[in-house]
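Try each task before reading its solution.

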Amino acid sequence: MGGVEDDEPPSKRVKASSLVLGILSNNSSSSRFVNPLGSLMARPLPSQGKEDMLGPNGVIKRVEFVRIITEALYSLGYERSGAVLEEESGIHLHSSLAKLFRKQVLDGNWDESVVTLHKVGLINDNTLKSAIFLIMEQKFFELLENDKVMDAVKTLRSKIAPLGINKKRVHELSFYIVSPSQNLLLGFSKLGVDISNSRLKLLEELQKLLPPSIMIPERRLENLVEQAVTVQREACYFHNSLDNSLSLYTDHQCGKDQIPSCAKQVLQAHSDEVWFLQFSNNGKYLASSSNDKTAIIWEVHEDGEVFLKHKLIGHQKSVLMVAWSPDDHQLLTCGMEEVVRRWDVQSGECLHVYEKGGLGLISCGWFPDGKQFFSGGSDKSFCLWDLDGKELDCWKGQRVTKTSEMAVTKDGRLIISMSKESAILLLDREAKLEKLIEEEQTITSFSLSEDDSYLLVNLLNQEIHLWSIKDDPKLVTKYKGHKRSRFLIRSCFGGFKQSFIASGSEDSQVYIWHRASGNLIQTLAGHSGAVNCVSWNPANPHMLASASDDNTIRIWGLNKDHTKRKDAHSNGFVAVHRCNGNS
């Protein structure tokens, strides 16, 4: 840092820091400034009063800045450093009144702390009552802990109840008096505190109520720095890596090398068009389905290389789609207006075949418990099954189209399905409420985000719409550029915190957009036929897969590793390293 050589071992650097503290404390009366890091480091500004402003734009108050640095030193355990900073700057972390209040709370002098609290000022009546409530509640529990039941009753009646707030909590405290041994720990857990350090936790709660000018919020400097880093990360179009890659030394900005744009492998085990593919929830497997009447389970090794694990044979018609069980131990495959099959992922064995007399099934998906699944039928119905093949429920009517799309949120509460050609039905099973997402164009497919808060909707007019479904459905962003005229094209969320949108396209390319802005940032060329489906590995933001009418699957990775691999046609793939740079 600062151009200073830093080749000494850590132990020497620690000793140097101790020496600095010694110099500062032993020579505090000296007017000469001693800077052990040399002239390359900035010297402290001369004091010009408490209202000095700092920073390039002069928007940081010097007093506030020094106080939050002092608080950070204490919270990190650097007690002596914090004390030295207070002494040298003349700016104290806490006023004498705030220090007294903190001491009284930590010592358990409850009534005295309330008296001091009244003297602090700058807090309205409701805030004052809330703070007193917390203090007296702590006193109440500690009295019960020490078997002073009558004193606890007196505190509840004369100190807590007269405040006239949080009446529900007052009733709970009354119940603790009746059975303190059974409910004491519950009482503390409701406060979010632990008996062993309850007073420190109480101080943290009180800090949230008191003005920050009196008691600085815990770890305020860390929060400010984290906010700044988060803003930089969110403003970065290409950020696609774990947060531990962020540094405080420089402003954050990623390049396109963070986007998987290099074709690492071409998987060639299917003999006809590949219509669908999906990574498992843990990212260790990839499943694909094809017009060749088969589905394939691929295994993703730790080095990112993909190998054929099982070819699933049994369907008499083209396989439309696959669906992973929540634990990734089982896989559903659905034939075109045919049957649904359930497979064991490890052995490749078919565990069960589900069919409905006189009716073809065209879609399938799991319920969150992994004990039930749903299927869509060619008669525009949706059915709920248990794993033994018993049909538990069925929905049929004018609201449902022949389109195969359906999804269920992880809590099992919201069922999402096609309502009509241009509308999606959101059915809340618990609240018995229905909401609609209505588009002006025909909907061809949709997918649900990892957090169950957003829906990605593909439309006939070559647009993809992002809808928020947390409350009332709201259109958030539109994505344009890909081509679709005849085929069913699917898109997906992906990348770090699902910050990107990827889609197939009839022009044989993969399209990638920045999710928040809607800007197209990358197109991936390589396929020789329409790209029907894409899937982003949920455990590896640098791995993307695409399925095409050219009978292949392409595995896309970063343009960093150019290690050559051996051809392995017998195992269903050939290694390539074609990288894209266009956007």
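The model is a predicted one.

**Exercise 1. The whole chain**

Task: state how many helices and strands the protein chain has, and what share of its residues is buried.

Solution: 
- Start with secondary structure: 11 helices and 31 strands.
- Turn to burial. The chain has 583 residues, and 48% of them count as buried.
- Finish with contacts. Of those between residues at least 6 apart in sequence, 47% join residues at least 24 apart.

**Exercise 2. Helix α2**

Task: Then find which of its residues are buried and what covers them.

Solution: 
- Compare with the end C-alpha atoms.
- List the buried residues: R62, V66, R67, I68, T70, E71, A72 and L73.
- Look for their cover. It includes β1 (53–54), β2 (60–61), α3 (79–89) and α11 (220–235).
- Step past the helix. G77 follows α2 and has a positive phi, near 95°.

**Exercise 3. The cores**

Task: which residues touch the most other members of the largest nonpolar core?

Solution: 
- The core has 41 residues.
- L286, W298, L331, V340, I553 and I555 touch the most other members.
- Beyond neighbours within four places in sequence, its contacts include L267, F279, W324, A545 and I553.
- Another core lies apart from the largest one. This core has 33 residues, among them L128, V153, L163 and L202.

How values were computed
Residues are numbered from 1 along each chain as its sequence is written. This is a predicted model: local features need pLDDT of at least 70, side-chain atom pairs count only at pLDDT 80 or more; totals for chains, interfaces and linings use all residues. Side-chain values use heavy atoms; hydrogens and water are left out. Buried means under 20% relative accessible area, exposed over 50%, partly exposed in between (1.4 Å probe, protein chains only). Helices (H or I, at least four residues) and strands (E, at least two) are DSSP runs, numbered from the N terminus. Contact means heavy atoms within 4.5 Å. A nonpolar core is a set of buried Ala, Val, Leu, Ile, Met, Phe, Trp, Tyr and Cys residues joined through side-chain atoms within 4.5 Å.
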